[in-house]
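Hi everyone, thanks for coming.

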Amino acid sequence: MGGYLEELVGTRASYVLDLPTQRWSRIADVPLYQTHSAGATDGRFIYSVAGQVGNGGSRDIRADSFKYDTTTGQWSSFPALTQARIGGALVFNNGTLHYFGGNPVDRVTVANEHWAITVDSSGNATSGWVRK
């Protein structure tokens, strides 16, 4: 889901690993040149939450979020996190995405917030992000 090429040049390229064959294959590009985002899956959708946009050293820290439908091969918008973050963690558990940690816009402060958002079987949020 995005990342860097040589010399910290941002890319939108995304790949998926086929575990049985141990082979990577290209999927649709993520909508932004986003790095340091948090990713998780519910088995059908891959969620990419928050992150840095641009090349190495960028100060463009965002809350933008997206989901990738593995059936249609398309990215779409997902509700943005309530605050811009980089380097946080994301897990999917029992119909809920949980985002925690990371760094805010200053890139130095260690954040200890935890947010959650409920997701239905179609990958749609049933509410907004809630601080836990």
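**A strand pair and its surroundings**

Let's begin with Ser-65, which stands opposite Phe-78 in β9. This is a predicted model, where local features need pLDDT of at least 70, side-chain atom pairs count only at pLDDT 80 or more, and totals for chains, interfaces and linings use all residues. Residues are numbered from 1 along each chain as its sequence is written, and side-chain values use heavy atoms, with hydrogens and water left out.

When I say strand, I mean a DSSP run of E with at least two residues, while a helix is a run of H or I with at least four; both are numbered from the N terminus. Two strands pair if DSSP finds at least two bridges between them. Strand β8, residues 61-69, is joined to β9 by 5 bridges, and the two run antiparallel. Together β8 and β9 make a hairpin with 4 residues between them, and Gly-73 in that turn has a positive phi of about 75 degrees.

Now, where is Ala-80? Its place is in the loop between β9 (74-78) and β10 (89-93). Contact here means heavy atoms within 4.5 Å. Apart from neighbours within four places in sequence, Ala-80 is in contact with Ala-63, Asp-64, Ser-65 and Trp-129. Ala-80 counts as partly exposed because its relative accessibility is 40%; buried means under 20% relative accessible area, exposed over 50%, and partly exposed in between, using a 1.4 Å probe and protein chains only.

Next, two residues with a positive phi. His-36 is not a glycine, yet its phi is positive, near 60 degrees. His-36 sits in the loop between β5 (34-35) and β6 (38-41), and with a relative accessible area of 35% it is partly exposed. Ala-50 is not a glycine either, and has a positive phi of about 60 degrees. Is Ala-50 buried or exposed? Ala-50 has a relative accessible area of 0%, so it is buried. It lies in strand β7, residues 45-53.

Let's step back to the whole protein chain. It has 0 helices and 13 strands. Buried residues make up 42% of its 132 residues. Along its principal axes, the C-alpha trace spans about 40 × 40 × 25 Å. Among contacts between residues at least 6 apart in sequence, 38% join residues at least 24 apart.

That's my tour, thank you!
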